[in-house]
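Thank you all for coming; I would like to walk you through one structure this morning. Please have a look at it first, and then I will begin with how its residues are sorted.

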Amino acid sequence: PGQRPTTHELRAHLKQSLPDYMIPTHYITLDRFPLTPTGKLDQKALPAPESPRAHAEPGSGGAALTGTQRRLADIWAQTLNTPRVDPDDDFFDLGGHSLLATQVMNRIREAFGIRLPLRLLFENPTVSGLADAVEAALLAEIEAMTDDEVAAAIGALDSPPSTEDAT
């Protein structure tokens, strides 16, 4: 027959008729299904799925990251247990799901000191898109501060940590 579709082509085709949460994160190409002697699918003989990054589509390939993107990429890499995350990588394509998305948003709150809605990750599933949303939220928070609050926040950044003796 014809050529086999790429993972990207399969994903694009499925996205036309399925919601994102139903799109598989792993694809395995088989010449034929392994069968038991009785003709049923031999699930034990199926190969284990590889990491989604093993056959990733060509992308930015390690493009330079902004500070916010680097922090987010580190959070994603830790949460998704993957060695590298690029700015245009899709969280869900890398194996992310709603429970991991919750962990990511909690880690973002800890790292940036800002509470963001979970839907933000679903609306901005790439590192670069989410970084833009995080920066916009931080800027909005700063713009809502009074001059005294800004001065206090800057002062807190400039003052050395307390080293009071407990004795």
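This is a predicted model: local features need pLDDT of at least 70, side-chain atom pairs count only at pLDDT 80 or more; totals for chains, interfaces and linings use all residues.

Ala, Val, Leu, Ile, Met, Phe, Trp, Tyr, Cys and Pro count here as nonpolar, Asp, Glu, Lys and Arg as charged, and the others, with Gly among them, as polar. On that sorting, the lining of the second largest pocket divides into six nonpolar, four polar and five charged residues.

Residues are numbered from 1 along each chain as its sequence is written, and side-chain values use heavy atoms, with hydrogens and water left out.

Turning to helix 1, which covers residues 7-15 and holds R11 (helices are DSSP runs of H or I with at least four residues, numbered from the N terminus), we find that R11 is buried, with a relative accessible area of 10%. Buried means under 20% relative accessible area, exposed over 50%, and partly exposed in between, with a 1.4 Å probe and protein chains only. Leaving aside neighbours within four places in sequence, R11 is in contact (heavy atoms within 4.5 Å) with I23, P24, T25, Y27 and D93.

N81, by contrast, is exposed, with a relative accessible area of 72%, and sits in the loop between helix 2 (67-80) and helix 3 (98-112). Most residues other than glycine have a negative phi. N81, although not a glycine, has a positive phi of about 55 degrees.

Finally, the buried residues of helix 5, including V127, L130 and A137, pack against helix 2, helix 3 and helix 4 (119-123).

Notes
Helices (H or I, at least four residues) and strands (E, at least two) are DSSP runs, numbered from the N terminus.
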